[in-house]
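Subject: Structure handover

Hello,

Here is the structure for your files. My notes on it follow below.

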Amino acid sequence: VWSIVPEAECWATTGRGPIGGRWVDVNKGDKNNPDYRSRYVAQEIKDYQDTDMFAPMPPLEAKKALFSLMASEKHKSGKPYNLGFLDIKKAYLYAAARRAVYVKLPPEEAVPGYCAKLNVFLYGTRDAARNWEETYTKALRGLGFIQGRACPCAFYNPVKDCRIIIHGDDFTVLGLDEDILWLQKELNNTFPTKLRGILGTSDHHQKEIRILNRVLRITPGGLEYEPDVRHIETIIQELGLQGSNGVNTPGTKHKFEEEPCYLDAEQATRYRGLVARANYVAQDRADIQFAVKELARSASSPTAESWAALKRLGRYLVSHPRAITKFDWQESMPGITVEADSDFAGCAATRKSTSGGVIRLGRHVIKTWSSTQSLIALSSGEAEYYALVKGACQGMGIKSLMLDLGYNLNINMKTDSSAAFGIA
């Protein structure tokens, strides 16, 4: 990982001392089945203007698009697709260092007057993710994969009829068993690659696997995708709602407060932390997106009313702790359907409206949203039109993603507003 060199070399090369570092222990399991990993992480927090720090990450709908394809399409050979899950061990340590980076040696290795010059990028260095992305892209291109233009983490091999979505060191592969095993073997020549499992309908396939701390399972009716319940449990516990009665609606609209009672600094910090956690969960749960969006609007200056709204969300999660997205078997991929809607001046404080929408591939929901409109609409038709435009933009994004995966699909827009339809 590094070479031990005099600190004088670090000062002469960079004009500053070596970067700090620390051991970080992470429990990959849970309380009952702990699985601890220890990593020495560099504490590089300064921005270097001459270094490209950007590293792409796929949106969740990219993974869901693969799930939808598995439940809808068949391989060009006529066989059903399977989903393979590959994991690269210590991924960042296979990206060669492209600039001089010096790190303090860990206490166990420390030698006065010496530091570590990195040969590969250590976790915590600013451009580690970017260089890892370039490393795996080069490897996959050498195997005949075409990198996506809209989503650089999407790869398509037209010869193998195989598709990959990459999230950090997790590779989700759509293809036949032999293609998944071939890819593992080829990648293993460059960096250690572990096959976590193959999901499929045959008896020898796995029927359930955990991906990004979500659960994906095969059922007779199709695929089921369930978000991480541990975040819900944490929210309920932090709010002290264990054993409380639940409610059937997650929240209310943003209210106008004439004399707001602001939370103290400590409780405001707790509020922001819980709302941030709820916002993470809301990526997979359309039922709480509007309520969480309204809570997030108060994050800068939360009030007693905001805290009450947060507790209401908590009581809703008490009665609805789990939510499952289903990808039922369907004959083929008929196209992209975007359904957009809006309220009108729903926020009593700002008179702004909310845009909401759903995107489906056939019957499969792969994306939902709830967002406050930036402009103040002067009529319900205008608010509905803004929601329609938002939906069209999101639909074009999904179309571009599907092009990266080898499918050219049409977009079908739906609205229940004749005024918005007329304007469009």
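Helix α1 (residues 7-14) lies across β1, β5 and β6 and runs at about 90° to β1. Helices (H or I, at least four residues) and strands (E, at least two) are DSSP runs, numbered from the N terminus. Axes are lines fitted to C-alpha atoms, for helices over the stretch in contact, and angles run from 0 to 180 degrees between N-to-C directions. Contact means heavy atoms within 4.5 Å.

This is a predicted model: local features need pLDDT of at least 70, side-chain atom pairs count only at pLDDT 80 or more, and totals for chains, interfaces and linings use all residues. Residues are numbered from 1 along each chain as its sequence is written, and side-chain values use heavy atoms, with hydrogens and water left out.

The sheet under discussion is open, with 3 strands in the order β1-β6-β5 and antiparallel pairing. Its edge strands, each pairing on one side only, are β1 (2-6) and β5 (102-103). Two strands pair if DSSP finds at least two bridges between them; β1 and β6 (residues 114-118) have 5, in the antiparallel sense. Val5 has Cys115 in β6 as its bridge partner.

Next, the helix pair. Helix α5 (residues 229-238) packs against helix α6 (residues 265-282) at an angle of about 155°, and their axes are 10 Å apart. The two are therefore roughly antiparallel to each other (under 35 degrees counts as roughly parallel, over 145 as roughly antiparallel, 65 to 115 as roughly perpendicular and the rest as oblique). In α5, the residues that meet α6 include His231, Ile232 and Ile235; among those on the α6 side are Leu274, Ala278 and Val281.

On cysteines, a search of the whole structure finds 0 disulfides, a disulfide being a pair of cysteine sulfur atoms within 2.5 Å. For Cys261, the nearest cysteine sulfur is that of Cys347, 19 Å away. Cys261 counts as exposed, at 51% relative accessibility, whereas Cys347 is buried, with a relative accessible area of 3%. Buried means under 20% relative accessible area, exposed over 50%, and partly exposed in between (1.4 Å probe, protein chains only).

Two backbone points remain. Leu212 is not a glycine but has a positive phi of about 50°; this residue is in the loop between β12 (208-211) and β13 (214-219). Arg351, also other than glycine, has a positive phi near 65°. Arg351 lies in the loop between β16 (336-342) and β17 (354-361) and is partly exposed, with a relative accessible area of 45%.

Regards
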